[in-house]
Amino acid sequence: MTNWRIRDFHSADLDGILHLWETLKATNVEPVYALSEVLASCEKDHAVVAVLGEQVVGAAVGRAAHDQGWIVFLATLPEYRGRGIGTSLLAAVENRMAPHGLNKLSALMPESETRVEAFLGRGFALKKNLRYFERTIPVQRQELGALGQLGGRVLARDLWENVAGMRKEKELLERRLVLPLAEADLADEFGVVPPRAVVLFGPPGTGKTTFAKAIASRLEWPFVEVFPSRLAADPQGLAGALRETFLEIAELEHAVVFIDEVEEIASQRAGDPPSPLQGVTNELLKIIPAFREQPGRLLVCATNFIRALDSAFLRHGRFDYVIPIGLPDRQARHAMWERFIPAPVVDDVDVELLVEKTEGFSPADIEYAARSASQRALEKAVYDDGGLATDARSSVREAVRKGPSTDDYLAAIAETRTTVSPEVHQDFLEDIEVLGRV
Ligand SMILES: Nc1ncnc2c1ncn2[C@@H]1O[C@H](COP(=O)(O)OP(=O)(O)OP(=O)(O)O)[C@@H](O)[C@H]1O
Ligand SMILES: [Mg+2]
């Protein structure tokens, strides 16, 4: 019985293609192209089907990309194999693509693909020593609109690695947040409920914003910052705009949502008459439970004034963790200095001494001191040490190449006013005792 025939694909064949796809999957063949891609190519590119009466028993789908064509799908129902249907389908789809003037026709098939004969029969050569790489793009195309509207973006992939030092904080965040969110299935097996919302608190410039972004980068989730000050200008008012924003966020598959200086919209509700922000605080308190019900997202709120937060805001069930981000210890300062000192001079600088002299400095202070030292050294090399005056550009470069010295760093450190006063730091240590929850 060979009365099957090949014809061009019609929309009515979609069910048949779907059935072929499912049959393939059922035989443990994991097709390379996603079903959505195959269906899109059926409609927009080149597809032929083998039919027996009304039934679709095989299909080949191709796509032309410049000079190279790709077979994105080839399948025959198992009971119709061995009759040359595959070879004929390949011939037909190649014919359909011929007007594009292709130079090469390629097919990428799973290793378990058994119908090598169909390809060889059509003159394809089996290429050896190839490797196939695949990466899922974290934000799917259909989400891009919603993400753009929210001002969200996918951050660089290396932010987590770029957080220098802060080993304790990093390890805590890695274990409590990243692990259960990135390995949701594993966490579920252990009965771990993934965190949905956390507060990072600590003095200014200690890296709260840096960590929030690093978490997003580590999870490969888009980062969406909510700016209450911008929402306040919305005609629906801050509370309404906040509600609206979180409804839009609900449309995203994944997101790390960040609210900085959250004390501005979630401060103590005490006071008579009530503060005009009370409605906003109430709105936020209502938003969080709904937010918590959606998987694949994390709310990170940051504050350097945690005492000011409404006590209802911080309670269990709303925030999973209230995590202190404090001043860097010796080891962290060492890692930061090594990060900020240019590589060619780092061996000539007494890093230990700088670590010693920057006790009580925040990462922001260290970064500032490092930058000023670099600037000071550059200016000195070019203007003061006879660099430009000698008029020999090569000698300028020679001088500049020396880079900043230990003395340049010490001078910059001496001129840097630390942001975190001993009193503020003392308050922070008390806050860890009273309000911290890790
Ligand atoms: N671990 C770190 N390694 C290197 N640089 C860091 C680190 N932490 C923070 N920085 C740098 O220090 C500066 C301040 O960090 P960040 O803005 O994250 O602090 P913050 O706690 O959010 O401050 P604020 O309370 O003022 O909002 C940034 O320029 C950041 O790049
Ligand atoms: Mg910040």
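For the composition given below, Ala, Val, Leu, Ile, Met, Phe, Trp, Tyr, Cys and Pro count as nonpolar, Asp, Glu, Lys and Arg as charged, and the others, Gly among them, as polar. On this basis, the shell around ligand 1 in the predicted model divides into seven nonpolar, seven polar and three charged residues. In total, 17 residues surround ligand 1, and the closest of these are Gly207, Lys208, Thr209, Thr210 and Pro363. Two or more residues of this shell are given by each of the elements α9 (208-219), α14 (330-340) and α16 (363-384).

The domain assignment of the protein chain comprises domain 1 (5-121), domain 2 (145-324) and domain 3 (330-419). Because residues of the shell come from both domain 2 (145-324) and domain 3 (330-419), ligand 1 lies between these two domains. The C-alpha centres of domain 1 and domain 2, in turn, are 47 Å apart.

An unreviewed UniProt entry lists residues 4-138 under "domain: N-acetyltransferase". In the model, this span is 31% helix and 26% strand, and 43 Å separates the C-alpha atoms at its ends. Ala64 is found in strand β3, which runs over residues 55-65. When residues up to four places away in sequence are left out, Ala64 touches Asp45, Gly69, Met97, His100 and Leu102. Between Ala64 and Lys104, which are 40 residues apart in sequence, the C-alpha to C-alpha distance is 9.7 Å.

Note on methods. Residues numbered from 1 in each chain as written. Chains lettered and ligands numbered in written order. Predicted model: local features only at pLDDT ≥ 70, side-chain atom pairs only at ≥ 80, totals over all residues. Domains from an automatic or database assignment. UniProt positions renumbered as here; feature names shortened; annotations may be inferred. Helix = DSSP H or I, 4+ residues; strand = E, 2+ residues; numbered from the N terminus. Contact = placed C-beta atoms within 7 Å. Near = placed C-beta within 6 Å.
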